[in-house]
Amino acid sequence: MKLGRRNFLGLGGAALVGLSLKSEKKIAGSFVNDSFQMGHLLRDRAGFPAAKNTEKVPVVIVGGGIAGLSAAWRLRKRGFTDFVLLEMNAQAGGNARWGENEITAYPWAAHYVPVPSPRAEYVRELFEDLGVLRNGQWEERYLAFSPQERLFLYGRWQEGIEPAVGLTPKDRDQFQRLENLFTEFRKSGAFTVPLELGLSSKFQNLDRISFSDWLRKQGFDSRLLHWYMNYACRDDYGALSSDTSAWAGIHYFSSRESEEQGPLTWPEGNGWITRRLLERVGANIRTSQMVHRIAETRRGVRVLAGDTEFQAEFVIFAAPTFLAPYLLDNSPQLQDFIYSPWLTANLTLDRYPDSRGAEPSWDTVFLDSPTLGYVDAMHQSLRTQVDRTVWTFYWALAEGAPAQNRQFLLEKDWAYWKETILHDLERVHHDIRQCVSRIDIMRMGHAMIRPVVGSIFSEERRHLKRQNDRILFANSDLSGISIFEQAQYQGVEAAQKVLKRLHG
Amino acid sequence: MGILVFISVLLVAACGLIYELVAGTLASYLVGDSVFQFSTIIGTYLFAMGIGSALSRCIHRGLANRFVWIELLLGVIGGFSSALLMLAFAFTQGFELILYALVMVMGVLVGLEIPLLMRIVRDRYQFRDVIAHVLTFDYLGALGASLLFPILLVPRLGLVRSAMLFGLINAGVALWSTFLFANQLSATRGLRVACLVVLCALGAGMAQARQITATAEDNIYADEIIFARDTHYQHLVLTRFKDDLRLFLNSHLQFSSRDEYRYHEALVHPGLAAVPTPRRVLILGGGDGLAVREILKYPQVESITLVDLDPEMTRIFSSNPMLTKLNDKSLLSPRVHVINADAFPWVDSNADNFDFIVIDFPDPTNYSLGKLYTTAFYRAASRHLSAQGLMVVQSTSPMFARDSFWCIAQTLKQTGLQTYPYHVYVPSFGEWGFVLAGTHEYLRPTSLPAGLRFVSVEGLPALFQFPPDMSPLPMPANQLNSQILVRTYENDWKDISH
């Protein structure tokens, strides 16, 4: 450290001038990947063009997120190639989309997958396909590098997100007691990924109470414990713990072994998986194809997208299920599908900001921030010298009613969100404005399904999942929680049902 | 006369602020954590000023005399504060103590100034005018100083001379006051002499400022610095004491010219001499060209690829006469190909095979360097080994960082290679360790290049024997997702430095 002095003395003047004449650096950027305009066309039942062409194809997959891509992966892997996948956006991937600039690739939403347990067979099969799992070994360079997570609290850093600094004996005791409870739930085998494998009515009463109420009922009143549980719900469900079913809250902590080596991640987050899937199924994908009507006939299903009518035998509906009533002729109104609005931003940094002495981590969280912190895309780089990077900033608008938050999300302009994001980061990185050259922001009104009280054991869901007609639902929201493994599970299951029906 | 008094106020206020800024800036530079330093120093300074103001009521007589003395004292203490603090940091353990003591003393003196001055001039004006004018000029002086300091003083004069310049101004105000308040002063001549002495001392200080800065800096390194450069990647310093040249990268000793032959002979020959027909050699790190010098002793070697991150490093070791003398102009050999690239991505994307690979990176002091000591990296590197190939890895000290050394050995083993750890004594480093690794069994060489000063065929077996205090420890392998080595290394060195 002593050595730093020579440069300090040399550069000191320049640095001080910089400090005293703090000039506002110009920060570029815009909203990107907006898709609500198209959604609103459906909502407002705008007139769509009549079909000019017809295409006969046995299977149509609607929606190119992980569920749809996984259905396509399964179909092709079983040697079935006679299908199309229709994606509304210009880029497939849904919540596993990615972006890329001259520095690095970066995620637009989901950015990791926990190391899957042996029960998550489809996920393991996929990862074997992609070379992530070889001879029972996880590829080291796809595991999140150390240091992984850090939390900023009381003016300092700690490793890990579960608060470990400044705990009173009571806090410590409560964290331990809760951990013991989660271990019991884990042992019960009822909390699994995918959740369908373990779902047991024995624990249905946990779906009738909110997570925060359940915690309080168990005698937990530690502020830090509640902060952490609330953070977990915001992070995984985009919801406050008071809006989350206790069953889902417990599932977050009790569905996985406390893995030492995970999670799996890539610079572009789950976009890496999307890329690999696109290499395998890209030939069947049509992007910028907004489906505007799906109608069952006596012989099959008509799918209208743009000016083309697809005549299919089966449709895998992998788009978010809330769209079904707008597309299907006689779809029931849905009650149990509530979605959390999100905002993600990708910040281009020309240099790393002052981090109060800490080395960069993969995932950074600030205690008591309404946001979820940020992930560093260059963290998974093999380079030893990293000057520039991209941070993906996450913010679930969890507080308040989703519909109002969606409204708010659309009303405020880019400059408003830019300022809000910088303001949040400035609390820890005082010179962040001097480092950022670009902020692109993605607004997602219906980013993920919200596992509200009663949603996990909802009759409506059970009915949709069981449906075995010509239209099969496959979005992860069917399960009530929006995670990669669920999306993949629903997609693969739907594809298998279709293959079974097609081949007798 | 009025305006002259108020200009004194302005200058005095500026001096007070400058000393405070100098203390805060120096503490931030030297200790780091500028928010903490500035906060505590401003707080302490203001608090001391309060004490000074409170003390001013104890001064009953001889106001003008006292004022002149305070100005002189401030001139001396404030003027030399910066130099004193730098020397304190370089030569003593008690930098913080001296820092806060100085800040307290200066604060008290500054706190005395304005109350005294107000009382000196109070008979000449109405009370409300005194307050208004004195405070106005006080704040104006502060503004001027706070603008001058970062824009002009620090960049143009540096911290040592800036403080001295304002010490001169303080002493100047003292001298000026002996004329301004002549009718309220006693022993005026003595005061003026004192003023001149202080002015001369500070003037001499100004002239010697560069020397003071250099003395303080030199003490970080024991010897004369003959070369220092900040490259994009690291801080490079070369020192010399008599015939001993030493290179420091980010303050870590890389070699001493007196005994580096021990390190580099031991790094290269036990492995390279055991390769039957070595034609192609790869060096990762080692931009000083010293390992290359050893490798060039094998005429069979047709090409040496050197991958080093820092172009400045390889450039200096190709061009500086003192350094090319040390490495025998090895980097200029037509057999050598220098590539300036980050090692891991390079190893990952290159497809060539090599008969011998030298991995000579700085110790794993941070998570970035830690990536170059992982199973993932060694797997990628070992894919470049030819059928007869061997690689050797610089593995820190098995004596001072015993856990780290055996962790590196275990990491190599985990990748499926056969490993052969060994160690040498390098006086300037202490006991140092290496690990040889290959896909086949290692057989010690039966002949070595002529002219080696340390490694010998007879001496080789001893290198592979570890006495009990360095013997193997069970350690986990280092992986990208655990970086256990960086944590281990930090603990190892913590253990011996305390």
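This is a predicted model: local features need pLDDT of at least 70, side-chain atom pairs count only at pLDDT 80 or more; totals for chains, interfaces and linings use all residues.
Colleague: Domain bounds come from an automatic or database domain assignment; how far apart do the C-alpha centres of domain 1 of chain B and domain 2 of chain B lie?
Modeller: Residues are numbered from 1 along each chain as its sequence is written, while chains are lettered from A and ligands numbered from 1 in the order in which they are written. In chain B, the assignment places domain 1 at 2-218 and domain 2 at 270-497. The C-alpha centres of these two domains of chain B are separated by 56 Å.

Colleague: What is the mean pLDDT of chain A?
Modeller: Over residues 1-22 of chain A the pLDDT is below 50. In chain A, however, 94% of the residues reach 70 or more, and the mean pLDDT is 92.

Colleague: What radius of gyration does chain A have?
Modeller: Taken along the principal axes, the C-alpha atoms of chain A fill a box of roughly 80 × 50 × 50 Å. The radius of gyration is taken over C-alpha atoms, and the globule rule is 2.2 Å times the number of residues to the power 0.38. For 504 residues a compact globule would come near 23 Å, which agrees with the value for chain A, 24 Å.

Colleague: Which strand gives the most to the side of domain 1 of chain A that touches domain 2 of chain A?
Modeller: Counting as contacts those residue pairs whose C-beta atoms, placed from the backbone, lie within 7 Å, 21 residues of domain 1 of chain A touch 24 residues of domain 2 of chain A. Strands (E, at least two residues) and helices (H or I, at least four) are DSSP runs numbered from the N terminus, and those giving two or more residues to this side of domain 1 are S18, S21 and S22 of chain A. With five residues, the element that gives the most is S22(A).

Colleague: How are H4(A) and H15(A) oriented to each other?
Modeller: Axes are lines fitted to C-alpha atoms, for helices over the stretch in contact, and angles run from 0 to 180 degrees between N-to-C directions. Helix H4 (residues 121-129) and helix H15 (residues 484-502) of chain A pack at about 95°, with their axes 9 Å apart. Angles under 35 degrees count as roughly parallel, over 145 as roughly antiparallel, 65 to 115 as roughly perpendicular and the rest as oblique. H4(A) and H15(A) are therefore roughly perpendicular.

Methods
Two residues are in contact if their C-beta atoms, placed from the backbone, lie within 7 Å. pLDDT is the predictor's confidence in each residue, from 0 to 100. Domain bounds come from an automatic or database domain assignment.
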